[in-house]
Structures are given as structure tokens and as C-alpha cells.
Amino acid sequence: MSRRVDDNPEEMETDISRVASSRRHSENLPYVHKVGVPPKPNLLKEITETVKETFFHDDPLRHFKDQSKTKKLVLGIQAVFPILDWGRSYNLSKFKGDLIAGLTIASLCIPQDIGYARLTNLDPQYGLYSSFVPPLVYAFMGSSRDIAIGPVAVVSLLLGSMLQQELDPVKQKLEYQSLAFTATFFAGITQFVLGFFRLGFLIDFLSHAAIVGFMAGAAITISLQQLKGLLGIKKFTKETDIVSVMRSVFAAAHHGWNWQTIVIGITFLAFLLVAKFIGKKNKKYFWVPAIAPLISVILSTLFVFIFHAEKDGVQIVKHIDRGINPPSVKEIYFSGEYLAKGFRIGAIAGLIALTEAAAIGRTFAALKDYQIDGNKEMVALGTMNIVGSMTSCYVATGSFSRSAVNYMAGCQTAVSNIIMSFVVLLTLELITPLFKYTPNAILASIIISAVIGLIDIDAMTLLYKIDKFDFVACMGAFLGVVFHSVEIGLLIAVSISFAKILLQVTRPRIAVLGKVPRTTVYRNIQQYPEATKVSGILIVRVDSAIYFSNSNYMRDRILRWLTDEEEQIKETNQQKIQCLIVEMSPVTDVDTSGIHALEDLFKSLQKRNVELVLANPGQMVLDKLHASGFPDMIGEDKIFLTVADAVMTCAPKMEP
């Protein structure tokens, strides 16, 4: 080799000058990062990671790592019964806070429970039963410190309206009660199964907008139902829609209204609303709206007893059974025609109860800066309803009004639920005869004042401002409940939630990008009007995973963008499009249909003499593209790390 160089000194100098010139030229150009071929993924590892991320994203077994068998057993028991964990650090100071909170929510729950039982078309004592056993079970198994357990208005109405479609609560009283316990049992089973198999993410399919509308509609429906007690009407419709209710109300206007009942109801309703306003205006007086229902019951009961208002047509409670919950295992339908009906009703009621409890638990956990395990909560709620169904209870869950009072009263742990439960026990054993002369009007007033808070006008206004589709979902659920039934409203809420998901999946956003002046950044030209398109290059960004449901739309939409650009270019005599760059950073995944759509797009572009270039595909997308051989089709050098690299490489190749 040295002899050859010596023989041609001029050729050697020429080669050296070429190399030096090449180096100087490359030093002047920015470095273009190449997108490397990813390592071949391990199928088993990929499936394992997907399952883990779907069902065990919070790594619930991390506490068990590197622990002895004895320690693992202790941790396992504490996982099932969290009270054994936090109970070790429980002290007198915490008990004082829980005692005050427990007594406060007990004063609120007792009159509410009697009223909510009537919404379910059950005797008053069943509402009290449901605030005795379920809170005790939850206190041992639940992880929320602030949630207050018991019957709630929405679930009570939903359960009552669905049960009375199957059985008459008056003529078939015993069968009706058995079906209620059966529904409660299956509500608990549904909740337990969702938690045990870590399927809690399923309840997230019911959007916030749909829940806001559903709750508001339920509040209106519940309030309308209370007109029977508030006006002293004896014959009242069993339907829940606003048209039927108002027709029934006005039909009884001439001879069915009782003025004494109206006076009692309106007076104490005004008192309760004023108390609620005081508590909302000044947080220090949280106890005012909490104790107002019990004061109302006491005063109205004394008024009826002293003046014997029941003789003038004022309807009263009359009788509440004394004693704690009787067993009801034998009353649950484990076979026969009512088994399937009980399962259907229970599953729906259980999901709604679960949604409400999850929202409440997360809200107060965020306020106190602690975390709750959603799946453990479901197991706890499911267990308490299963046990409750066997002890004459109907579906219980977290109550927002009571939980708010519990929080403001200074609760420290779930012991406040235990305190409340024991107060309810004392009420069942000693005080129930005193409710004999309690007027139905006061119970109606208490329920109306409690559910008014479910109508969130501010949330509806915000939905309208932020997302019109969310507002449509909200109003659809609201109108469905108010003008038809709770079940139809719920169905509309779920349907619209799924419709929104399908719309977003099947019609992803595709944006045309332009270069932001004085940068190498490329952004949506609609969001940044100052961003300019690159001559001869069309840059688009797909803002979604590419699946079978949207792959054809994605391909057709990009080709339509290209056609529109070409028509504009003909009118302005600009350089024709020679390169299409697809920015893929928002594309989280792609399936076989998506890859076929990209292949079809490449073939269509070839016919137009347009190059297809990809920018910044993610690892999962890149894995699947290489597995399909797509980079070999378009060329390995057509995949870039950034849009800027792609533009810099494609621009010098442009033909004039």
C-alpha cells in the first residue's frame, strides 16, 4: 500500500483534500439522530407487564417483599382488616375527635334513615338497621378515615323504584322485603367481586358529567316524591317521573291536601334550609345543619303529641319495631324466579353505591392528603352489604352529607362510624317508641333538605364552558331521570358516556403542523397561527392510538389533507407536496389494522410520488412496526427522532 501511495502522490493529495472538505461540510450540518431498531420484545414479559399495569398498577404486594412468613401473615391480615394497623397508634386524643364526630353524624343519620327507608318502601326500622351493622363492618375493613356509612337517598330511591316494578310493597310486603334483601346481597357480591379481582376501573366508565346529571335528576325526583308527605296526600302515584307526580299532586289539590301537614312541613323545611345555609356560610357552625334534623323531629313530634294533630289528618310514623337487626338469611332468594331479578337490581344498585362511595372516599382522602386503595374499599363495601343483607339491612354506602359533617366535626379514624353505630343501637333498643307521633311531613322536609345539595349548578355551568359534549351527557342523564325514571336516566348516563368514548376512539384528532418562527419546534397551525408550513412538505400529527376502529379514518383524513393542500398549491403556484411527515409521538399503540392502514397510505402516496416519513414513534409502536416489516417497506432511513430532523433531511431533496 505504501508503494502505491508513493507511486501516485497527486492522487493522495486529492483524497486528503476530499476528506477534509467532507469533514468541514459535516461539521456545519446539525446532527441527525437515527431511530435504532428496538430489541425483539419477549411475548411473555410483555403480557405480564400489561396484566400487571392493568390490574396491579399500584403494586399492592410491595410490602410483602423480603419479609418473613410470619410478617407476611401479619401484613396479610392487616391488609384485610386495616383497623389492626392504624389501631396500634390509636390514642385518647383521636378518640375525642371520633366521639364528637360520631355523635354528630348519629344525630343526622337517625331521622334521615327513617325517611330513606320510606323511599325504599320499607318500614322505618330497616333504615336504622342499615346504619347499625354495615358501619361496624366497614370500620374494621375500610381504609377511609372520613367516610360515613349508611343508607343514601339516591340508592334508596333507585332500589325502591326497581323493587316496586316487581312486587307491590303493600300487598306483597314479605316478598318485597325478601327481594330487597336479595338485591342487597347481590349488590354486595358485585362490589366484592369487582374489588377482589381488581376491576375497579370499570366504574370509571361512568363519566363525571353523567354522574352530575344523574344525581341532580335523582334529587329532583326524590324531592317530588316527598310532596306526598309534605302536603299530606294519601293517594299518590307510584311513578317517579315529574309529569305523573305533578298530575297526582294537582288531582288531590281540592280534597287531598292537609293544611296542618303543609304548615308543619314548610315551617321545618325552612328551618332546615336556614340551618344548612348557616353551616355553609361559616364552617365553625357545621354542627347546626347536622343537629337541625333531630331538633326538627323532636319539636314536630311534641307538637303532634300535645295537640293530637294526627286526629286532624296529619299522617304520622305510628310504629317502629324495637330491638336490633333480626337475621334475614332465610329470607334471601337463592333460587326461584326472584333470584335473577334480585341479581339485576342488586348489581345496578351496587354499582351506583360504589360510584358514590368511591367519589366520596377520594375527595376526603385528597383533603387530608392520604391515599385509599380503591379495590380494598370495594371489598369492604361488598362485605358489609353481604353481611347487611343477612341482618335485615338494605344497600348501604358512603353518604356525602354525613361524610362532610364527619370531616368537619374532626373525625380521626373510622371509629366515628362505630360511635354512630352504637348510638343507632341505643335508639333501636330504647328510643324508637318515641317516634310514634313523628309526622311524615318532617321526614319529607329532612329528605328534601338533604338532597338539595346533590343539585350542583356550578358543576353544570363548568361542564357547559369546558366541554359541550359533557354538558349534553349531563343533561341527558338529568332529563332521563326527571321525565322518565331513575333506571332510564342511568341508562342514558351510561350510554352517553360510552358514546363519548367511542367517538373519541373512532374519530381521533389529526392536526397539520407548521414551524414556529425562530425555533425548530413544529406545532398545530390552528393553535399557533404564526406557525408556517414547510414548502413541499406536509406535516400531520395523529393524536391517538391507531386501532381497527379508527385506522381507516386516519388514512382517509390524511389523504384528504394532502388533496386539500395540493389544490391550494395549484391555485398559488407553490412547490408541490413531495413528502408527508407523520408525527407519531402521541400514538401510544398500533394494531394490525393500523399497520395495514399505514401500508395503504404508503401505497397511495407512492402513486402520487410523495414520500412517507415517520417521526418519533414510541417504543411499543416501533416494536410492532418492525415486527410487521413496515420499516423495510418505506425504508429504514424514513424514520426520524424528531420532526425537525425529518424536515432537515427531506428539504434538500425537494425538486423545484
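Me: What are the ground rules for numbering and confidence?
Reply: Residues are numbered from 1 along each chain as its sequence is written, and side-chain values use heavy atoms, with hydrogens and water left out. The model is predicted, so local features need pLDDT of at least 70 and side-chain atom pairs pLDDT 80 or more, while totals for chains, interfaces and linings use all residues.

Me: Why is the Phe 185 and Phe 186 pair called edge-to-face?
Reply: Rings of Phe, Tyr and Trp (its six-membered ring) pair if their centres lie within 6.5 Å; planes under 30 degrees apart are stacked, over 60 edge-to-face, the rest tilted. Here the centres are 5.2 Å apart and the planes stand at 80°, so the pair is edge-to-face.

Me: What makes Phe 185 and Phe 334 an edge-to-face pair?
Reply: Their ring centres lie 5.4 Å apart and their planes are at 85°, so the label is edge-to-face. Phe 185 sits in helix 10 (residues 173-196) and Phe 334 in the loop between helix 15 (287-307) and helix 16, 149 residues apart. Ring pairs link Phe 185, Phe 186, Phe 334 and Phe 343 into a cluster.

Me: Why is helix 9 called mostly covered?
Reply: Helices (H or I, at least four residues) and strands (E, at least two) are DSSP runs, numbered from the N terminus. Helix 9 spans residues 153-163, and eleven of its eleven residues are buried. Among them are Val 154, Ser 156 and Met 162.

Me: What makes strand 3 and strand 5 a pair?
Reply: Two strands pair if DSSP finds at least two bridges between them. Strand 3 (residues 510-515) and strand 5 (residues 537-542) have three bridges, in the antiparallel sense. In one of them, Val 512 has Val 540 as its bridge partner.

Me: Why do strand 4 and strand 8 stand at the edges?
Reply: The open sheet has six strands in the order 4-3-5-6-7-8, with mixed pairing. Strand 4 (522-524) and strand 8 (639-640) each have a single partner strand, so one side of each is left without a neighbour in the sheet.

How values were computed
Buried means under 20% relative accessible area, exposed over 50%, partly exposed in between (1.4 Å probe, protein chains only).
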